[in-house]
Amino acid sequence: MRGIKEAGALSEKIILNELKLNPCQACNTCYKTGNCMHKDDMPALLDKMEKSNLWVLGTPIYWWGPTAQFKIFLDRWYHPKHQSFKGKRVILVIPLGGGHERYARHTTGLLTDVLNYLSIELVETVLAPGFNRRGEVKNNGNLLKKAYNTGFGAIKEL
Ligand SMILES: Cc1cc2nc3c(=O)[nH]c(=O)nc-3n(C[C@H](O)[C@H](O)[C@H](O)COP(=O)(O)O)c2cc1C
C-alpha cells in the first residue's frame with residue numbers, strides 16, 4: 001500500500017471483516033433486476049472496485065483456502081457488474097502459517113482461475129509463508145521490499 005501511494009496513486013484500504021457482507025444465495029436477483037437481494041456493504045464495494053484500476057487482494061490461508069470472509073466477498077462477484085472487471089489488475093497478498101508456499105496452492109489456483117475467467121490481469125502474487133504472529137512480517141526486510149516494489153511498479157506501469 002505504501003508503494004502504491006508513493007507511486008502517486010490514490011488508494012483506500014478496506015477490511016472485509018469490518019463490513020457487513022452476506023453470502024450469495026444463487027437467487028439470480030442481481031441478474032433479473034440489477035440489484036442484489038442483500039442490503040449490505042457489497043454494492044458500495046462493487047462500485048469502488050469498478051472505479052479503481054488496481055486491487056490488492058489479501059487473505060491469510062485458513063485450511064488451505066482463503067478465509068470465509070474473503071470467500072463471501074469473492075462469491076459476491078457473481079453479479080452483472082463483474083463484466084466491468086475486464087482489464088482490471090490485481091496483486092495478491094497471502095500470508096500463511098506453514099513454512100512452505102505449497103500450502104497456498106489451492107488459494108492461488110482458485111484466484112488464478114477466477115481472474116483468468118473474468119479477464120482480470122494478475123500482476124503479482126506476494127506470498128508470506130511461515131508467519132503466524134501478527135506483525136512478525138515486519139522483521140522480514142526482503143519480503144517488505146518485494147511488496148513495496150510490487151505496489152510501486154504496478155502503478156508506474158499503468
Ligand atoms: C482457522 C485457521 C486455519 C489455518 N489454516 C492454515 C493452513 O491451512 N495452512 C497454513 O499454512 N496456515 C494456516 N493457518 C495459519 C495462518 O495462515 C497464519 O496465522 C497467517 O499468517 C495469519 O495471517 P494474519 O497474521 O494476517 O492474520 C490457519 C490459521 C487459522 C486461524
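Author: The model is a predicted one, in which local features need pLDDT of at least 70 and side-chain atom pairs count only at pLDDT 80 or more, while totals for chains, interfaces and linings use all residues. Residues are numbered from 1 along each chain as its sequence is written.

His 82 counts as partly exposed, because it has 19 C-beta neighbours inside 10 Å. His 82 is placed in the loop between H4 and E2. Helices (H or I, at least four residues) and strands (E, at least two) are DSSP runs, numbered from the N terminus. Not counting residues up to four places away in sequence, His 82 touches Trp 77 and Leu 118; such a contact requires C-beta atoms, placed from the backbone, within 7 Å. His 82 and His 100 are 18 residues apart in sequence, and their C-alpha atoms are 33 Å apart in space.

E2 pairs with E1 in the parallel sense over five bridges, where pairing requires at least two DSSP bridges between the strands. Within E2, Ile 91 stands opposite Val 56.

Both Val 56 and Ile 91 belong to the largest nonpolar core, which has eleven residues, including Leu 96, Ala 104 and Ala 128. A nonpolar core is a set of buried Ala, Val, Leu, Ile, Met, Phe, Trp, Tyr and Cys residues joined through C-beta atoms within 7 Å. Strand E2 (residues 89–96) gives the most to this core, with five residues. In soluble globular proteins, nonpolar side chains tend to be buried together.

Leaving aside neighbours within four places in sequence, Leu 96 is in contact with Pro 60, Ile 61, Tyr 103, Ala 104, Ala 128 and Pro 129. Leu 96 is among the residues that come nearest to the ligand, together with Pro 60, Tyr 62, Gly 97 and Gly 98, out of 13 around it; a residue is near if its C-beta atom, placed from the backbone, lies within 6 Å. The shell has nine nonpolar, three polar and one charged residues. Here Ala, Val, Leu, Ile, Met, Phe, Trp, Tyr, Cys and Pro count as nonpolar, Asp, Glu, Lys and Arg as charged, and the others, Gly among them, as polar.

Another loop, between strand E1 (54–58) and helix H4 (68–75), contains Trp 63. Trp 63 counts as exposed, because it has 9 C-beta neighbours inside 10 Å. Its phi is positive, about 50°, although Trp 63 is not a glycine. Most residues other than glycine have a negative phi.

The protein as a whole comes to six helices and three strands, in the pattern α-α-α-β-α-β-α-β-α along the sequence. Buried residues make up 16% of its 158 residues. Among contacts with a separation of 6 or more, 74% join residues 24 or more positions apart.

Key:
Buried ≥ 20, exposed ≤ 12 C-beta atoms within 10 Å, placed from the backbone. Contact = placed C-beta atoms within 7 Å.
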